[in-house]
Amino acid sequence: MASDKAKKGGVSDKARNWMWLALSLAAAIIVWTILSVLPSTSRSFPNIIVVFQQIPVMIERGVLFKDIQSSLISVGLGYLLGFVIALPVAILMAWYNPFRRIVEPWIQFIRNIPPLAYVPLIVIAAGVGRKPQVIVITIATFLIMCITIYQGIINIDETLIKAARVLGAKDKDIFIRVLAPASLPFILTAVRLGASVALTTLIAAESTGAFAGLGMRIRSLNNNFETAPMLLYIIIIGIIGITVEKIIKLLERKLTGWQEKREI
Amino acid sequence: MAGEERDIKVVIEDVRKTYQGRTGEVVALNGVNLNIADNEFVTVVGPSGCGKSTLLNIIAGLLEPTSGRVLCNGQEVHGTGKDRGVVFQQYALFPWLTVKKNVLFPLDMRGIKGFAAEEIAMKYIKMVDLEKFADHYPKELSGGMKQRVAIARAYAANPEILLMDEPFGALDAQTRTQLQQELLDTWEKERKTCFFITHDVDEALILGQRVVIMSARPGRIKEIVDVDIPYPRNQETKMDPHFLELKNHIWSQVYQEYLEVRK
């Protein structure tokens, strides 16, 4: 079915995809260039050459790599902690109804509050430095991943569990052989959504009096209206985001390629 | 059953099942009594909502009756058991396992592993004519092929009785006819006790030695029709005057129940 199509036009399909991507990039650069020329937007959008000239400048200032490293550590730690907490909480919510009844409203409530709003409270409690950054990202990623995994587990097709049971599976077999693989796609979706939330929470996380970081640097560059390095940093965040997403999508294809439907 | 004396495999004794619905208690089944003989092929027809799936789930041990009981080989049924296999309408294949690994699943649950298991699995995959697809995932198969895998998997579990819940209900007419024929051929060879639910009168008649007609809400057994048409049966059997006579009778009985449901 799908493999026939790939055989017929596999190479040209791939080439066409790359062509469109290149076209999209070119169009973006044109729009950017137009913005850099228009008087009303030129101050916010220095042209592409000026922005990329900032790479050596920021390296020379000794901040570029330090910022990237610092942000990656905060995001990585917070995200990992968020996942490690979200997985058991989601399983507990799916398994034990009273627990869900109590915890789910909290999660739904906090989820709609922008993290920037509760940052001051975290700083007051945890002080400045790495700790509050990790906490903010942990909270934000935990919320989205917990809800996503929980929704996935409760939507597992019940006939699969029934089928396993009539085929002789005991509770332990059902957990390992049915529930675990059936929830893997949702876990991976959660991992992908969590990564995206981790990055979008970066600015809030690093407004906790961070000493370095991509988000912190953007705010500090803003004090001097240094728009060219700001734009550079914004683009770097975008590149990190899309790279992480691509890696997770590859993982999804490798691990859950058996799925009937591809989800968003 | 044409005067033949056979061992009783399953006894359904005064089974009643009620649910708590939004508007109060719903009686899904009431006073259901039925004996299924060893090696017998029993089919059940009835309008949707007559509780025929509920009855199957109770025999399978996936549901407990509110009152009454089910005996299988003289043992009261509580929970699922290795003596009973189920084929579901929605196939219920594990999408993360290949065809072969799906069929291996019940063997693994019975502690049969390695080459012995492989051999049994391939035997049943061959039986349903899918050896070319042994390493494919369910998503790569058509509906008919998926249901064949589910049947192979149920056979690999080697149950004494096969419970089938509208297994061909989601398939197109041609595939359905083909799978009916395959099931008939397999049953004639293996003579495994079958309890088969359908809403298709033709299907119930071509397959079953007895057709159980169920009435709507609350589900009760309305009539049991002996199908005294000899095997081997095939699609031409459907033209047989006696077949048509029985079909007319069953259809009029089922139709009355449809009208009841619509009231």
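Strands here, like helices, are DSSP runs numbered from the N terminus, with at least two residues of type E for a strand and at least four of type H or I for a helix. Before I go on, a word on the source: this is a predicted model, in which local features need pLDDT of at least 70 and side-chain atom pairs count only at pLDDT 80 or more, while totals for chains, interfaces and linings use all residues. Residues are numbered from 1 along each chain as its sequence is written, and chains are lettered from A and ligands numbered from 1 in the order in which they are written.

Back to strand β3 of chain B, then. Which strands does β3(B) pair with in the parallel sense? With β9 (residues 210-215) of chain B it does so over 4 bridges, and with β8 (residues 193-198) of chain B over 5 bridges, where two strands are said to pair if DSSP finds at least two bridges between them. On the β8(B) side, Val44(B) has Ile197(B) as its bridge partner.

As for burial, a residue counts as buried if 20 or more other C-beta atoms lie within 10 Å of its own, as exposed if 12 or fewer do, and as partly exposed in between, with the C-beta atoms placed from the backbone. By that count 5 of the 5 residues of β3(B), which covers residues 41-45, are buried, so the strand is largely enclosed by the rest of the structure. Phe41(B), Thr43(B) and Val45(B) point one way from the strand, Val42(B) and Val44(B) point the other way, and all are buried.

The sheet around this strand is open and has 6 strands, in the order β6-β7-β8-β3-β9-β10 of chain B, with mixed pairing. Its edges are β6 and β10 (220-226) of chain B, each with a single partner strand, so one side of each is left without a neighbour in the sheet. From one strand to the next the twist averages 20 degrees. Helix α7 (residues 241-262) of chain B packs on this sheet, touching β3, β9 and β10 of chain B, and its direction makes about 20 degrees with that of β9(B); axes are lines fitted to C-alpha atoms, for helices over the stretch in contact, and angles run from 0 to 180 degrees between N-to-C directions.

Chain B also has an open sheet of 4 strands, ordered β2-β1-β4-β5, with antiparallel pairing. At its edges stand β2 (24-37) and β5 (75-76) of chain B, each with a single partner strand, so one side of each is left without a neighbour in the sheet. Strand β4 (residues 67-72) of chain B is joined to β5(B) by 2 bridges, and Cys72(B) has Gln75(B) as its bridge partner there.

Taken as a whole, chain B has 7 helices and 10 strands. Its radius of gyration, taken over C-alpha atoms, is 18 Å, close to the 18 Å that the globule rule gives for 263 residues, so chain B is as compact as a globular protein of that length; the rule is 2.2 Å times the number of residues to the power 0.38. Buried residues make up 43% of chain B.

Chain A is built from 11 helices and 0 strands, and 32% of its 264 residues count as buried. Its C-alpha trace spans about 70 × 60 × 30 Å along the principal axes. The domain assignment, which comes from an automatic or database source, gives domain 1 (1-45) and domain 2 (48-256) in chain A, with 27 Å between their centres, taken over C-alpha atoms.

How many residues of chain A are in contact with chain B? There are 15, in contact with 21 residues of chain B, where contact means that the C-beta atoms of two residues, placed from the backbone, lie within 7 Å. Helix α7 of chain A gives the most to this side of chain A, with 6 residues. The residues of that side divide into 8 nonpolar, 3 polar and 4 charged, with Ala, Val, Leu, Ile, Met, Phe, Trp, Tyr, Cys and Pro counted as nonpolar, Asp, Glu, Lys and Arg as charged, and the others, Gly among them, as polar.

After α7(A) comes Gly168(A), with a positive phi near 105 degrees.
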